[in-house]
Each structure stands twice: as C-alpha cells, then as structure tokens.
Amino acid sequence: MQAVAQQIPCSQNPEMQSAVAVQVPPGGFFPQLVLTQKFRFLHDEIEAGISACREQCEFFLLCGGGCPSNKLAEHGTFRATATAHCELTRRVVAEVVLANLELALASAT
Ligand code: SF4
C-alpha cells in the first residue's frame, strides 16, 4: 500500500488527505493505511494525468507529471497536463538553465 501512495506526486496536498484513512486495528500497535474507493478513484485520475504528461511534455523527466492539485484547480480535472504552475516553476526554469548552459558551452569553445 505504501508504494501506491508514493506514486502520487505532491502527495502533501492537504486537500487529498481525506482520500486515505489511517486506522489502528483492535489490539494492533501500528496504524494501517486503508485505501478507500475515493483514494482509488483519485489515484486512477492522477495517473491518467501523469501518463498524459509523459506522452506530451518534453520536461516530463524533470517534472514527473506535476502537482495534481494544480491540475484540478486550473483545469477542473486531474487528467490535465500543463498548468500555469508548472510553466512558472518547471518549464521556464528549465528553459533558462538550458539557455545559459548553451551560452556557457558556446563561449567555452
Ligand atoms: S511540466 Fe507541466 S506538462 Fe510537463 S510534465 Fe510537468 S506538469 Fe506535466
């Protein structure tokens, strides 16, 4: 169960906390993570968005598929790809770094 939870990027999003129930079984010591139907639905929707990013975005290896909460807030669905958030925090940064690397390489030769 832990491996499934780790596949979700930006899992610190507080608005998704209610999708997972943590229970301590009777007589048990360690809490167990219970994946609810809501969690499974959200997981599948988020995975679809990550797959779309993987297929469409040249920055996927750098980004990993973005933050689900931003996709939901900006597009109303987890299945979206590019957001203003990823544009400003990943794409622009990557493009600036790459441009500067190219300049540095060109001036070194
Ligand atoms: S940069 Fe944006 S479009 Fe590209 S993988 Fe990340 S979230 Fe998806």
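Here are some notes on the model, point by point.

1. Ground rules. This is a predicted model, where local features need pLDDT of at least 70 and side-chain atom pairs count only at pLDDT 80 or more, while totals for chains, interfaces and linings use all residues. Residues are numbered from 1 along each chain as its sequence is written.

2. Confidence. The mean pLDDT (the predictor's confidence in each residue, from 0 to 100) is 83, and 80% of the residues reach 70 or more. Where pLDDT is low, the predicted coordinates should not be read in detail.

3. Overall layout. The protein has five helices and two strands; these are DSSP runs numbered from the N terminus, with helices being H or I of at least four residues and strands E of at least two. From the N terminus on, the order is α-β-β-α-α-α-α. Of the 109 residues, 17% count as buried. For that label, 20 or more other C-beta atoms must lie within 10 Å of a residue's own; exposed is 12 or fewer, partly exposed is in between, and C-beta atoms are placed from the backbone. Counting contacts (C-beta atoms, placed from the backbone, within 7 Å) with a separation of 6 or more, 50% are between residues 24 or more positions apart.

4. Helix α2. How far apart are the end C-alpha atoms of α2 (residues 37–56)? They are 29 Å apart, in agreement with the 28 Å that its 20 residues should span at 1.5 Å a residue; the expected span is 1.5 Å times one less than the number of residues. Its buried residues are F39, H43, I46, G49, I50 and C53. They cover an arc of only 130 degrees around the axis, so they sit on the same side of α2. The arc is that of the directions from the helix axis to the C-beta atoms. The face turned away from this buried side carries the exposed Q37, R40, F41, D44, E55 and Q56.

5. Helix α4. In α4 (residues 68–75), P68, K71 and L72 are the buried residues. Their arc is only 95 degrees, which puts them on the same side of α4. The cover over the buried residues of α4 includes α2. Just after α4, G76 takes a positive phi of about 80 degrees.

6. The ligand shell. Around the ligand you'll find C53, C57, F59, F60, C63, G65, G66, T81, A82, C86, R90 and R91, where near means a C-beta atom, placed from the backbone, within 6 Å. Two or more residues come from each of α3 (60–63) and α5 (84–108), and α5 gives the most, with three. The shell divides into seven nonpolar, three polar and two charged residues. Here Ala, Val, Leu, Ile, Met, Phe, Trp, Tyr, Cys and Pro are nonpolar, Asp, Glu, Lys and Arg charged, and the others, Gly among them, polar.

7. R90 and F59. R90 is found in helix α5 and is buried, with 20 other C-beta atoms within 10 Å. Not counting residues up to four places away in sequence, R90 touches F59, L62 and C63. F59 is found in the loop between α2 and α3; with 17 C-beta neighbours inside 10 Å, F59 counts as partly exposed. Leaving aside neighbours within four places, F59 is in contact with R90, R91 and A94.

Notes:
Two residues are in contact if their C-beta atoms, placed from the backbone, lie within 7 Å.
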